[in-house]
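I opened the notebook to record what I looked up in this structure, going element by element. The entries follow in the order in which I made them.

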Amino acid sequence: MVFALLHEHGLDGFYKLQKPGTPARQAGEVLNYAWLDTPETRQRLLDYDDGVTARVSLHLPTLHCAACVWLLERLSLIHNAVVQGRVNFPRRQVSLVFKINDLSFSGLAGLLHQLGYAPDLSMAQDSSRSKNASAPDGRKLAARLGVAGFAFGNLMLLNFPFYLGLEAETGSTLTRWLGGASLALALPVVVYSASDYWKAAWRGLKRGWLVLEVPIVLGIGALLLRSAYEIFTQTGEGYLDSLAGLVFFLLIGRWFQQRTYEALSFERDFTAYFPMNATRISESGESSVPIDELALGERILIRHGEIIPADTVLIKGQGLIDYAFVTGESDPVEKQSGDCLFAGGRQTGGLLEAEIIRPVRRSYLTSLWNDDTFAKAPAQGLARLSDHAARWFTPLVLIAAALAGWWHAAAGTGRAVEAFTAVLIVACPCALALSAPFTLGTAMRILGRFRLYMKDDAAMERLSQINRLVFDKTGTLSHSSPRGATYEGRPLRLEEQQALALVARSSLHPGSRQLADMLPQPHGQATLKEFEEVPGRGIRGMVGTHRILIGSRAWLQSAETAALPSSTEKSDRKSAQTLVAMDGVFVGTYFFPATWRTGLRTMFESLRPRFGLSILSGDGDHQRLELETLAGADIDMTFALSPQAKLDHIRRLQAGGARVAMIGDGLNDAGALKQSEIGISVTESAGAFSPACDAILDGEALPLLPRFLDLARRSRTIILLCMGCSVAYNLLGVSIASTGRLSPVVCAILMPVSSVTVAALAVGLTHLAARRCGLQTAPSFPEAV
Amino acid sequence: MNILPILLVISLFLAAAFLAAFLWATRTGQFEDTFSPSLRVLGDDEMNPENQPSKD
């Protein structure tokens with residue numbers, strides 16, 4: 001127990017820092033970390049390892065508070081072999097130095113697991129190590145910012161005499177000297193601090209685009225040249241302080257943007273899904289090896305539910321491969337011995353033995369997730385509005401600046417350069433480009449608090465344009481919980497129930513999951529052999545000497561089960577039935593009454609006026625009446641649909657002009673989720689979703705759907721509003737700047753001020769909208785364990 | 001006013017030294033994580049009599 005462990009080592013202080021009642025994690029199933037001690041894994045995951053001392057950075061998803069930081073950095077008090085610990089809280093990482101000859105890597109992982117901080121050792125960690133290597137981006141920005149700030153401050157200092165109008169007194173040598181020093185200070189700013197802008201402008205111009213950076217670099221260039229001219233000819237002091245200030249404020253704006261994006265980014269890393277190890281079969285037996293180790297010709301074992309790590313050819317076993325992640329089609333494909341099994345598929349049958357025909361390419365697996373087949377068409381409307389704005393903005397600004405400069409030159413006011421550069425600098429496209437990301441990012445964050453996790457900005461935008469909702473029935477509208485489940489038949493002994501549980505646990509089907517949930521835990525010793533699952537029909541397996549069948553009536557019939565009750569008795573029951581047979585004889589039936597989620601009726605009532613509604617189901621229509629009471633008699637309901645038929649239904653709706661959001665549980669709906677404009681995957685436990693979905697919704701949060709959609713629509717309005725503000729600011733700024741009376745420093749300050757205002761407006765209005773939609777208070781469901 | 005350039009040179013020198021220190025700190029990753037130290041402050045070392053004064 002966690003408390004005993006902490007108390008033993010005098011770390012009761014942990015509880016002083018944590019409020020009582022915060023769940024201290026129970027050590028769940030004991031995970032096997034033994035594979036961490038293999039030399040190859042050590043080499044890959046440990047930052048440093050000399051056999052005596054080792055250093056490792058581990059990702060701990062359950063790190064959530066100051067007490068966790070406190071505890072993890074005092075790990076040395078719990079186990080002597082830990083030398084030092086340092087936590088990076090925003091990244092949820094701990095960096096540990098430990099004596100690896102006293103405490104093995106697996107022992108360390110086990111210790112963390114015991115304390116409730118099970119390390120996340122999936123592939124995400126490997127890919128994030130390469131991400132860490134590029135974290136210096138933030139450092140580069142900080143360095144540039146430092147140089148710009150340094151130069152800015154010192155340039156203002158050097159220009160002090162000129163501010164006070166003291167040139168005449170100080171004499172020309174000092175003036176010349178100060179001018180030279182100013183130039184020397186300004187050069188690093190232009191060359192180094194502003195380098196990102198030069199590069200971006202050049203890249204854009206090479207392709208013939210007038211990117212947003214072009215006016216900025218033109219402004220910088222103009223300021224520099226004019227100032228240099230003035231200093232060399234002694235006609236003035238130049239604008240180098242404004243130049244440095246301009247770059248400084250630009251970089252600050254960029255820094256803020258970066259930090260906000262980091263906070264808003266979609267954390268769920270899909271690469272975390274893939275298993276990192278596979279079971280290799282060799283003469284010496286079975287061993288667990290990292291998938292990179294798998295060589296051509298080696299044999300591996302693929303268990304039910306496991307992902308195929310590389311292209312293989314099937315040697316032994318009945319293959320039923322689900323390629324939902326590769327093709328989006330979730331109908332399992334049957335494979336026989338001699339057939340190819342491609343990487344990324346998931347075995348849904350029993351045990352397989354396969355031979356590697358192509359080495360693992362982890363990049364391939366990762367690319368499956370980012371594959372274009374999962375990318376949806378870019379959103380109409382808003383995204384293009386931002387793009388359009390960017391495209392005409394720059395030429396307009398250049399024209400305006402040129403006009404202003406030319407007019408002043410023609411009128412001989414002597415302020416041509418001031419006007420030209422001021423217009424270039426004051427026009428700020430940043431706000432136009434920021435409205436959408438900030439609004440959508442904030443909205444996504446709010447939705448995330450209420451358990452709807454959107455994939456990205458583009459998905460948010462599409463969500464705001466939906467006009468038709470399609471619901472799946474099983475698992476979405478109905479619970480997959482065993483409440484009210486009943487059993488009829490011969491009483492089962494404990495071992496028999498455990499045997500049933502063992503078979504049921506091997507399947508991912510909701511019916512099996514429900515059954516497994518209500519049965520007692522399987523006995524550790526018993527093993528399951530000859531497992532087979534036919535989707536939609538049933539499962540079978542051998543436990544010890546008993547043959548067990550679980551499934552539909554037809555399933556048991558096909559296995560010639562004796563003593564099956566006649567079908568008429570049960571057909572008028574409204575519950576889903578699962579029949580069980582042992583050793584060829586029918587034993588009993590489990591009834592799972594449909595448990596609808598709470599709050600559905602109000603949800604449908606609020607949705608009906610604004611959206612077209614449909615319900616699709618793979619089941620028969622025995623629950624039609626109940627659904628009609630819930631959702632209204634006029635709702636469009638279709639039953640007995642295969643996954644492919646669901647997809648076709650969505651296509652038909654889209655052909656009729658609807659923009660569809662599909663809400664399903666991801667198991668049988670992968671194709672339909674992909675086809676819809678927005679695919680929302682409803683889960684009870686994260687991990688059962690498909691990458692074709694755009695959002696993940698916690699089952700308990702489903703009744704809040706009307707409010708979510710409301711927020712999505714309002715955020716669209718907010719974006720337009722913010723863009724309007726930005727345009728107004730620009731018009732005002734350019735008009736004043738063109739008179740040539742606006743000092744470059746003021747322009748430089750106005751630019752980030754406008755960005756900050758628009759960003760603040762976007763965020764503030766979104767929060768206000770959330771309040772109006774009824775999403776203001778913290779959610780009332782219990783914290784997820 | 002001959003002293004003025006000398007003074008300015010010295011002050012610029014000093015400022016440059018600070019800039020160098022800032023760049024060094026950035027390069028050695030001291031600005032990587034600006035949030036965790038705020039959490040570390042909350043912990044109480046007195047609770048553990050055997051704990052040495054905390055590292056850096």
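**Entry 1, the hairpin.** I began with strand 1 of chain A and strand 2 of chain A, which form a hairpin with 3 residues between them, and I noted that A:Gly51 in the turn has a positive phi of about 90°. The model is a predicted one, and I read each value below as computed from it. Strand 2 covers residues 53-59 of chain A, and its pairing with strand 1 of chain A is antiparallel over 3 bridges.

Strand 3 of chain A pairs in the antiparallel sense with strand 4 (residues 93-99) of chain A over 6 bridges, and the bridge partner of A:Asn88 in strand 4 of chain A is A:Gln93.

Is helix 5 of chain A largely enclosed or largely open? I found that 8 of the 11 residues of helix 5 (residues 105-115) of chain A are buried, so this helix is largely enclosed by the rest of the structure. Among the buried residues I listed A:Phe105, A:Leu108, A:Leu111 and A:Leu115, and also A:Ser106 and A:His113. Just after helix 5 of chain A, A:Gly116 takes a positive phi of about 105°.

Helix 10 (residues 172-193) and helix 12 (residues 213-232) of chain A pack at an angle of about 165°, with their axes 10 Å apart. Angles over 145 degrees count as roughly antiparallel, and helix 10 and helix 12 of chain A are therefore roughly antiparallel to each other. Helix 10 of chain A passes helix 12 of chain A in a left-handed crossing. From helix 10 of chain A the contact takes in A:Gly179, A:Gly180, A:Leu183 and A:Val190, and from helix 12 of chain A it takes in A:Ile220, A:Leu224, A:Ala228, A:Ile231 and A:Phe232.

**Entry 5, helices 25 and 29.** The axes of helix 25 (residues 600-607) and helix 29 (residues 705-737) of chain A come within 8 Å and cross at roughly 35°. A:Met603, A:Ser606 and A:Leu607 of helix 25 of chain A make this contact with A:Leu705, A:Pro706 and A:Leu709 of helix 29 of chain A, and by class there are 5 nonpolar, 1 polar and no charged residues in it.

I looked up A:Phe393, which is found in helix 16 (residues 382-411) of chain A and is buried, with a relative accessible area of 6%. Its C-alpha atom is separated by 9.1 Å from that of A:Val211, 182 residues apart along the chain. For chain A as a whole I noted 30 helices and 26 strands, and buried residues make up 50% of its 785 residues.

Notes
Residues are numbered from 1 along each chain as its sequence is written. Chains are lettered from A and ligands numbered from 1 in the order in which they are written. This is a predicted model: local features need pLDDT of at least 70, side-chain atom pairs count only at pLDDT 80 or more; totals for chains, interfaces and linings use all residues. Side-chain values use heavy atoms; hydrogens and water are left out. Two strands pair if DSSP finds at least two bridges between them. Helices (H or I, at least four residues) and strands (E, at least two) are DSSP runs, numbered from the N terminus. Axes are lines fitted to C-alpha atoms, for helices over the stretch in contact, and angles run from 0 to 180 degrees between N-to-C directions. Angles under 35 degrees count as roughly parallel, over 145 as roughly antiparallel, 65 to 115 as roughly perpendicular and the rest as oblique. A crossing is left-handed if the near helix is turned anticlockwise from the far one by less than a right angle, and right-handed if clockwise. Contact means heavy atoms within 4.5 Å. Buried means under 20% relative accessible area, exposed over 50%, partly exposed in between (1.4 Å probe, protein chains only). Ala, Val, Leu, Ile, Met, Phe, Trp, Tyr, Cys and Pro count as nonpolar, Asp, Glu, Lys and Arg as charged, and the others, Gly among them, as polar.
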